[in-house]
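Please look at the sequence and the structure below, and keep both in view while reading. The text goes from the overall layout to the sheet and then to the helix contacts.

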Amino acid sequence: MDRCESTLALVDFEQVEQDGYSSGYESTPSDSESSTSTQKLQSNRLIPISYNRDPVKIKEKMIYRNTQILTEQLKVISSIPELCDVTFEVGSDKVKVHGVKAILGTRSRVLYNLILKKQKEAEFQRKADKKDKKKKTSVKSDKVTIVVKKYEPEDFKKIIQFIHSGSVDINSSCVAGLLCGASQFGLDDLERACWDFVNHSVKSGTISKIIPSAKRYSHHKTAQRLLGKIFSNTQQHVEL
(Lines give C-alpha, C1' and ligand atoms only; values in the text may rest on other atoms or scores of the structure.)
Protein backbone atom coordinates (compact mmCIF):
# COMPACT_ATOMS: atom_id res chain seq x y z
CA MET A 1 0.00 0.00 0.00
CA ASP A 2 1.48 3.32 -1.09
CA ARG A 3 -1.01 5.81 0.20
CA CYS A 4 -3.42 6.17 3.06
CA GLU A 5 -7.05 6.24 2.00
CA SER A 6 -8.15 8.03 5.13
CA THR A 7 -11.33 10.08 5.32
CA LEU A 8 -9.55 12.58 7.58
CA ALA A 9 -8.85 16.18 6.69
CA LEU A 10 -6.04 15.42 4.23
CA VAL A 11 -7.96 16.47 1.16
CA ASP A 12 -7.04 17.16 -2.44
CA PHE A 13 -10.13 19.14 -3.36
CA GLU A 14 -13.15 20.54 -1.59
CA GLN A 15 -16.27 20.88 -3.65
CA VAL A 16 -18.13 24.12 -4.03
CA GLU A 17 -20.31 24.77 -1.01
CA GLN A 18 -23.47 26.79 -1.58
CA ASP A 19 -25.59 28.64 0.92
CA GLY A 20 -29.11 28.13 -0.45
CA TYR A 21 -29.15 29.03 -4.11
CA SER A 22 -26.23 30.95 -5.49
CA SER A 23 -25.38 32.48 -8.84
CA GLY A 24 -22.13 34.28 -8.18
CA TYR A 25 -21.08 37.29 -6.23
CA GLU A 26 -22.37 39.44 -3.39
CA SER A 27 -25.03 41.82 -4.66
CA THR A 28 -25.73 45.34 -3.45
CA PRO A 29 -28.93 45.53 -1.38
CA SER A 30 -31.83 47.50 -2.82
CA ASP A 31 -32.51 50.94 -1.33
CA SER A 32 -36.19 50.18 -0.78
CA GLU A 33 -36.79 47.25 1.55
CA SER A 34 -40.17 45.98 2.64
CA SER A 35 -40.62 45.27 6.32
CA THR A 36 -43.34 42.64 6.10
CA SER A 37 -42.67 39.28 7.73
CA THR A 38 -43.21 37.47 4.42
CA GLN A 39 -40.53 39.52 2.72
CA LYS A 40 -38.14 38.99 5.65
CA LEU A 41 -38.43 35.24 5.19
CA GLN A 42 -37.82 35.66 1.48
CA SER A 43 -34.77 37.90 1.88
CA ASN A 44 -32.42 34.93 2.18
CA ARG A 45 -33.43 33.53 -1.21
CA LEU A 46 -33.12 34.71 -4.78
CA ILE A 47 -36.46 36.22 -5.70
CA PRO A 48 -37.27 37.62 -9.15
CA ILE A 49 -38.07 41.33 -9.30
CA SER A 50 -41.70 41.98 -10.17
CA TYR A 51 -42.63 44.86 -12.45
CA ASN A 52 -45.88 45.32 -10.50
CA ARG A 53 -44.22 46.04 -7.12
CA ASP A 54 -41.14 47.55 -5.57
CA PRO A 55 -37.93 45.57 -5.96
CA VAL A 56 -37.40 43.01 -3.23
CA LYS A 57 -34.01 42.77 -1.53
CA ILE A 58 -32.01 40.05 -3.24
CA LYS A 59 -29.20 38.24 -1.47
CA GLU A 60 -26.74 36.37 -3.63
CA LYS A 61 -23.84 34.45 -2.15
CA MET A 62 -21.27 32.01 -3.46
CA ILE A 63 -18.70 30.15 -1.40
CA TYR A 64 -16.02 28.58 -3.54
CA ARG A 65 -13.08 26.52 -2.32
CA ASN A 66 -10.33 24.94 -4.35
CA THR A 67 -7.69 23.73 -1.92
CA GLN A 68 -5.77 21.77 -4.54
CA ILE A 69 -4.22 24.85 -6.14
CA LEU A 70 -3.42 26.39 -2.76
CA THR A 71 -1.88 23.13 -1.54
CA GLU A 72 0.39 22.83 -4.56
CA GLN A 73 1.54 26.45 -4.25
CA LEU A 74 2.29 26.09 -0.54
CA LYS A 75 4.34 22.97 -1.25
CA VAL A 76 6.56 25.03 -3.55
CA ILE A 77 7.36 27.60 -0.84
CA SER A 78 9.56 25.28 1.22
CA SER A 79 11.61 24.43 -1.87
CA ILE A 80 12.59 28.07 -2.43
CA PRO A 81 15.05 29.22 0.29
CA GLU A 82 14.69 32.87 -0.75
CA LEU A 83 11.02 32.81 0.31
CA CYS A 84 11.74 31.16 3.68
CA ASP A 85 13.02 32.53 6.97
CA VAL A 86 13.60 29.28 8.90
CA THR A 87 16.24 26.68 8.03
CA PHE A 88 16.39 23.27 9.68
CA GLU A 89 19.72 21.41 9.52
CA VAL A 90 18.61 17.79 9.64
CA GLY A 91 20.61 14.66 10.48
CA SER A 92 24.34 14.07 10.63
CA ASP A 93 24.82 15.57 7.15
CA LYS A 94 22.92 18.73 8.16
CA VAL A 95 20.57 18.58 5.19
CA LYS A 96 18.81 21.93 4.87
CA VAL A 97 15.03 21.96 5.04
CA HIS A 98 13.37 25.35 4.71
CA GLY A 99 10.14 26.78 6.08
CA VAL A 100 8.18 29.97 6.69
CA LYS A 101 8.16 31.20 10.27
CA ALA A 102 4.59 32.50 10.19
CA ILE A 103 3.19 29.20 8.90
CA LEU A 104 5.29 27.00 11.19
CA GLY A 105 4.44 29.04 14.28
CA THR A 106 0.74 29.18 13.46
CA ARG A 107 0.39 25.47 12.81
CA SER A 108 2.50 24.19 15.71
CA ARG A 109 2.77 25.67 19.19
CA VAL A 110 5.91 23.60 19.77
CA LEU A 111 7.63 25.07 16.72
CA TYR A 112 6.43 28.55 17.67
CA ASN A 113 8.16 28.28 21.05
CA LEU A 114 11.29 26.78 19.47
CA ILE A 115 11.55 29.57 16.89
CA LEU A 116 10.96 32.22 19.56
CA LYS A 117 13.71 30.67 21.72
CA LYS A 118 16.19 30.72 18.82
CA GLN A 119 15.37 34.33 18.05
CA LYS A 120 16.02 35.36 21.66
CA GLU A 121 19.29 33.43 21.70
CA ALA A 122 20.43 35.17 18.51
CA GLU A 123 19.50 38.59 19.93
CA PHE A 124 21.34 37.84 23.17
CA GLN A 125 24.45 36.80 21.19
CA ARG A 126 24.37 40.00 19.13
CA LYS A 127 24.24 42.10 22.28
CA ALA A 128 27.12 40.13 23.81
CA ASP A 129 29.21 40.58 20.66
CA LYS A 130 28.45 44.29 20.63
CA LYS A 131 29.81 44.67 24.17
CA ASP A 132 32.95 42.74 23.34
CA LYS A 133 34.91 45.10 21.11
CA LYS A 134 37.31 42.35 20.07
CA LYS A 135 34.52 40.38 18.44
CA LYS A 136 32.89 41.38 15.19
CA THR A 137 29.23 42.14 15.78
CA SER A 138 27.03 39.72 13.90
CA VAL A 139 24.62 41.19 11.35
CA LYS A 140 21.02 41.25 12.51
CA SER A 141 18.86 38.83 10.54
CA ASP A 142 15.26 37.69 10.72
CA LYS A 143 16.27 34.21 9.58
CA VAL A 144 16.43 31.37 12.11
CA THR A 145 18.52 28.18 11.97
CA ILE A 146 17.46 25.11 13.96
CA VAL A 147 19.46 21.88 14.25
CA VAL A 148 17.40 18.68 14.07
CA LYS A 149 19.37 15.53 14.92
CA LYS A 150 16.87 12.73 15.47
CA TYR A 151 14.97 12.67 12.19
CA GLU A 152 15.71 11.30 8.75
CA PRO A 153 15.97 14.25 6.30
CA GLU A 154 13.33 12.88 3.90
CA ASP A 155 10.89 12.22 6.73
CA PHE A 156 11.42 15.68 8.18
CA LYS A 157 10.89 17.26 4.76
CA LYS A 158 7.50 15.55 4.62
CA ILE A 159 6.61 16.86 8.09
CA ILE A 160 7.46 20.43 7.07
CA GLN A 161 5.59 19.93 3.79
CA PHE A 162 2.49 18.85 5.69
CA ILE A 163 2.72 21.83 8.05
CA HIS A 164 2.84 24.20 5.08
CA SER A 165 0.31 22.61 2.76
CA GLY A 166 -1.85 20.22 4.83
CA SER A 167 -1.05 17.44 2.41
CA VAL A 168 1.41 14.54 2.51
CA ASP A 169 1.85 11.07 1.01
CA ILE A 170 2.10 8.41 3.72
CA ASN A 171 3.77 5.07 3.00
CA SER A 172 5.40 2.26 4.97
CA SER A 173 8.90 3.75 4.75
CA CYS A 174 8.01 7.15 6.23
CA VAL A 175 4.98 6.54 8.46
CA ALA A 176 7.05 6.10 11.66
CA GLY A 177 8.93 9.37 11.11
CA LEU A 178 5.72 11.23 10.31
CA LEU A 179 4.02 9.73 13.35
CA CYS A 180 6.85 10.76 15.68
CA GLY A 181 6.96 14.25 14.19
CA ALA A 182 3.20 14.63 14.46
CA SER A 183 3.35 13.63 18.12
CA GLN A 184 6.31 15.88 18.95
CA PHE A 185 5.05 18.97 17.14
CA GLY A 186 1.39 18.66 18.12
CA LEU A 187 -0.01 17.89 14.65
CA ASP A 188 -3.07 15.95 15.73
CA ASP A 189 -4.57 15.58 12.24
CA LEU A 190 -1.36 14.11 10.84
CA GLU A 191 -1.04 11.77 13.82
CA ARG A 192 -4.58 10.45 13.24
CA ALA A 193 -3.83 9.94 9.55
CA CYS A 194 -0.66 7.97 10.36
CA TRP A 195 -2.49 5.67 12.77
CA ASP A 196 -5.18 5.26 10.14
CA PHE A 197 -2.48 4.10 7.71
CA VAL A 198 -1.10 1.70 10.34
CA ASN A 199 -4.56 0.23 11.00
CA HIS A 200 -5.15 -0.16 7.29
CA SER A 201 -1.78 -1.96 7.01
CA VAL A 202 -2.89 -4.34 9.77
CA LYS A 203 -6.08 -5.18 7.86
CA SER A 204 -4.25 -5.63 4.55
CA GLY A 205 -1.53 -7.81 6.12
CA THR A 206 1.33 -5.44 5.20
CA ILE A 207 2.10 -4.23 8.71
CA SER A 208 5.54 -5.90 8.70
CA LYS A 209 6.71 -3.42 6.03
CA ILE A 210 6.60 -0.67 8.65
CA ILE A 211 9.12 -2.39 10.98
CA PRO A 212 12.34 -0.90 9.43
CA SER A 213 10.85 2.59 9.59
CA ALA A 214 9.72 2.13 13.19
CA LYS A 215 13.11 0.77 14.31
CA ARG A 216 14.88 3.88 13.00
CA TYR A 217 12.87 5.89 15.53
CA SER A 218 12.99 3.45 18.44
CA HIS A 219 14.35 6.27 20.65
CA HIS A 220 10.95 7.96 20.38
CA LYS A 221 8.09 6.85 22.67
CA THR A 222 5.58 7.01 19.83
CA ALA A 223 7.71 4.67 17.71
CA GLN A 224 7.99 2.28 20.66
CA ARG A 225 4.21 2.25 20.83
CA LEU A 226 4.08 1.60 17.09
CA LEU A 227 6.54 -1.30 17.36
CA GLY A 228 4.44 -2.77 20.17
CA LYS A 229 1.37 -2.67 17.95
CA ILE A 230 3.25 -4.24 15.04
CA PHE A 231 4.70 -7.11 17.07
CA SER A 232 1.37 -7.70 18.81
CA ASN A 233 -0.43 -8.09 15.48
CA THR A 234 2.41 -10.14 13.97
CA GLN A 235 2.31 -12.56 16.93
CA GLN A 236 -1.46 -12.89 16.67
CA HIS A 237 -1.11 -13.71 12.98
CA VAL A 238 1.51 -16.41 13.74
CA GLU A 239 -0.68 -17.99 16.42
CA LEU A 240 -3.61 -18.14 14.05
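The model is predicted. The protein has 9 helices and 3 strands, and along the sequence they follow the pattern α-α-β-β-α-α-β-α-α-α-α-α. Of its 240 residues, 34% count as buried. Among contacts with a separation of 6 or more, 61% join residues 24 or more positions apart.

Strands of a sheet pair through backbone hydrogen bonds, in a parallel or an antiparallel sense. Here 3 strands make an open sheet in the order β2-β1-β3, with mixed pairing. β2 and β3 are the edge strands, each pairing on one side only. On average, and with direction ignored, neighbouring strands of this sheet are turned by 25° against each other.

β1 pairs with strand β2, residues 95-99, in the antiparallel sense over 5 bridges. Within this pair, F88 is opposite V97 of β2, and E89 is opposite K96 of β2. The hairpin of β1 and β2 has 4 residues between the strands, and in it G91 takes a positive phi near 75°. With strand β3, residues 144-148, β1 pairs in the parallel sense, again over 5 bridges. There V90 has V148 of β3 as its bridge partner.

Next comes the question of which side chains are covered. In a regular strand the side chains alternate between the two faces of the sheet. What are the covered and uncovered faces of β3 made of? The covered face of β3 consists of V144, I146 and V148, whereas T145 and V147 form the uncovered one.

Helix α5, residues 153-165, lies across β1, β2 and β3 and runs at about 5° to β2.

The crossing of α2 and α5 is right-handed. T71, L74 and K75 of α2 make the contact with Q161, H164 and S165 of α5. By class, this contact of α2 with α5 has 1 nonpolar, 4 polar and 1 charged residues.

Another partner of α5 is α6. The axes of α5 and α6 come within 9 Å and cross at roughly 50°, which makes α5 oblique to α6. α5 passes α6 in a right-handed crossing. From α5, the residues D155, F156, K158 and I159 meet G177, L178, G181 and F185 of α6. The residues of this contact divide into 4 nonpolar, 2 polar and 2 charged.

Helix α6, residues 175-185, packs in turn with helix α7, residues 188-204. Are these two helices roughly parallel or roughly antiparallel? Their angle is about 150°, with the axes 8 Å apart. Angles over 145 degrees count as roughly antiparallel, and so α6 is roughly antiparallel to α7. α6 passes α7 in a left-handed crossing. V175, L178, L179, A182 and S183 of α6 meet L190, E191, C194, W195, F197 and V198 of α7. By class, the residues of this contact divide into 9 nonpolar, 1 polar and 1 charged. L178 of α6 takes part in the contact with α7 and also in the contact with α5.

Technical notes
Residues are numbered from 1 along each chain as its sequence is written. This is a predicted model: local features need pLDDT of at least 70, side-chain atom pairs count only at pLDDT 80 or more; totals for chains, interfaces and linings use all residues. Side-chain values use heavy atoms; hydrogens and water are left out. Axes are lines fitted to C-alpha atoms, for helices over the stretch in contact, and angles run from 0 to 180 degrees between N-to-C directions. Angles under 35 degrees count as roughly parallel, over 145 as roughly antiparallel, 65 to 115 as roughly perpendicular and the rest as oblique. A crossing is left-handed if the near helix is turned anticlockwise from the far one by less than a right angle, and right-handed if clockwise. Contact means heavy atoms within 4.5 Å. Ala, Val, Leu, Ile, Met, Phe, Trp, Tyr, Cys and Pro count as nonpolar, Asp, Glu, Lys and Arg as charged, and the others, Gly among them, as polar. Two strands pair if DSSP finds at least two bridges between them. Buried means under 20% relative accessible area, exposed over 50%, partly exposed in between (1.4 Å probe, protein chains only).
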